[in-house]
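Have the model open in your viewer as you read.

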Amino acid sequence: MTTDQARELLERGRDLIVPGEQVIDLSGVGDADSSAVAVMLGWLRHAALTGAVIRFAGVPVGVASLAELYGVSDLLPLA
């Protein structure tokens with residue numbers, strides 16, 4: 001989840017978010033930068049608009065650290 005992939009990941013993720021509860025598993029993410037946090041927040045905004053509730057599992061340590069650094073870790077619900 002890097003800057004080069006962010007726009008595509010945001011759009012593809014939006015397409016998969018449907019009303020109801022969902023868990024997005026990020027344990028397979030190998031490479032991530034600060035855009036991963038932005039993508040996750042974008043997915044949360046889209047979920048709120050569509051009546052979905054999403055939580056994140058397997059968040060990479062680096063992404064969690066960035067979210068903490070930016071002061072948004074409380075906005076990212078964990079499974």
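Predicted model: local features only at pLDDT ≥ 70, side-chain atom pairs only at ≥ 80, totals over all residues.

Turning from surface to interior, buried residues account for 34% of the 79 in the chain, with buried here meaning under 20% relative accessible area.

Now for the fold. You'll find three helices and two strands, and reading from the N terminus they come in the order α-β-α-β-α. The radius of gyration is 12 Å, close to the 12 Å that the globule rule gives for 79 residues, so the chain is as compact as a globular protein of that length. Along the principal axes, the C-alpha atoms fill a box of roughly 30 × 25 × 20 Å.

What about contacts along the sequence? Take those with a separation of 6 or more: 76% of them join residues 24 or more positions apart.

Next, the empty space. Rolling a probe the size of a water molecule over the atoms shows where such space is left. The largest pocket here has a volume of about 210 Å³. Two elements each give two or more residues to its lining, namely helix 1 (3–16) and strand 1 (20–25). If you want to pick out the lining in your viewer, select L9, R12, G13, L16, I17, Q22, V23, I24, D25, L26, V29 and W43.

Conventions: Residues numbered from 1 in each chain as written. Heavy atoms only, no water. 1 Å grid on protein atoms, 1.4 Å probe; cavity = no way out; pocket = protein on both sides within 12 Å on 5 of 7 lines; lining within 4 Å. Points joined across faces, edges and corners; volume = space filled by probe spheres on them. Helix = DSSP H or I, 4+ residues; strand = E, 2+ residues; numbered from the N terminus. Rg over C-alpha atoms; globule rule 2.2 N^0.38 Å. Buried < 20%, exposed > 50% of the residue type's maximum accessible area, 1.4 Å probe, protein only. Contact = heavy atoms within 4.5 Å.
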